[in-house]
Amino acid sequence: MSSREQLITWLNDAYAMESALEEVLERHAKDAEDHPEVHARIMRHIDETREQAETVRGCIDALGGSVSGAKSAFASFFGAMQGMANKPAGDTLVKNGLADFAAEHFEIASYKALIQAARSLGEEEIARKLTGILRQEEDMAAFLEEKLPDAVSETLAHA
């Protein structure tokens, strides 16, 4: 496999990851309906996630690749996390927050690696687009980090 083909493969993984996360985020937004600020931020991130998937698809196309319909490794990973986090219980907001925080950091690491790979191949425009996605993931992770203590305190207060 050439370096370019490897980057396309990794971008396909990122595309599958974004696609899987959209469904997870929709469930988590529903779970957060009683928390307007969290709900609104998750809804905004759903829109960002859709845009990110399309940006990644565009990067794949620009490299002469195509989106793989068979990519499921990341989808399975995030599906498993979602299953753990979405059991109906009084601590759903905490569990969702933990799963989302972990997912955001996995995405951050993934995009940092993709940016390095793109730069290594001289694909500066792709690196620039991926850096935009990275900033959105970092912003969402920071929001979750800020809100998690409140979710924990609220859950314990109602236990």
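How many residues does helix α2 have, and how far does α2 reach from its first C-alpha to its last? In this predicted model, α2 covers residues 36-62, which gives 27 residues and a reach of 39 Å. That reach is close to the 39 Å expected at 1.5 Å a residue.

| Helix | Residues in helix | Reach, first to last C-alpha | Expected at 1.5 Å a residue |
|---|---|---|---|
| α2 | 27 residues | 39 Å | 39 Å |
| α4 | 29 residues | 42 Å | 42 Å |

The buried residues of α2 are V38, R41, I42, H45, I46, E48, T49, Q52, A53, V56, C59 and I60. An α-helix has 3.6 residues a turn, so residues three or four places apart point the same way. The packing partners of the buried α2 residues are α1 (3-31), α4 (92-120) and α5 (124-157).

Two packed helices are described by the angle between their axes and the distance between the axes. For α1 and α2 the angle is about 160°, and the axes lie 9 Å apart. Angles over 145 degrees count as roughly antiparallel, and α1 and α2 are therefore roughly antiparallel to each other. The crossing of α1 past α2 is left-handed. In the contact of α1 with α2, 15 residues are nonpolar, 6 are polar and 7 are charged.

Terms used. Residues are numbered from 1 along each chain as its sequence is written. This is a predicted model: local features need pLDDT of at least 70, side-chain atom pairs count only at pLDDT 80 or more; totals for chains, interfaces and linings use all residues. Side-chain values use heavy atoms; hydrogens and water are left out. Helices (H or I, at least four residues) and strands (E, at least two) are DSSP runs, numbered from the N terminus. The expected span of a helix is 1.5 Å times one less than its number of residues. Buried means under 20% relative accessible area, exposed over 50%, partly exposed in between (1.4 Å probe, protein chains only). Contact means heavy atoms within 4.5 Å. Axes are lines fitted to C-alpha atoms, for helices over the stretch in contact, and angles run from 0 to 180 degrees between N-to-C directions. Angles under 35 degrees count as roughly parallel, over 145 as roughly antiparallel, 65 to 115 as roughly perpendicular and the rest as oblique. A crossing is left-handed if the near helix is turned anticlockwise from the far one by less than a right angle, and right-handed if clockwise. Ala, Val, Leu, Ile, Met, Phe, Trp, Tyr, Cys and Pro count as nonpolar, Asp, Glu, Lys and Arg as charged, and the others, Gly among them, as polar.
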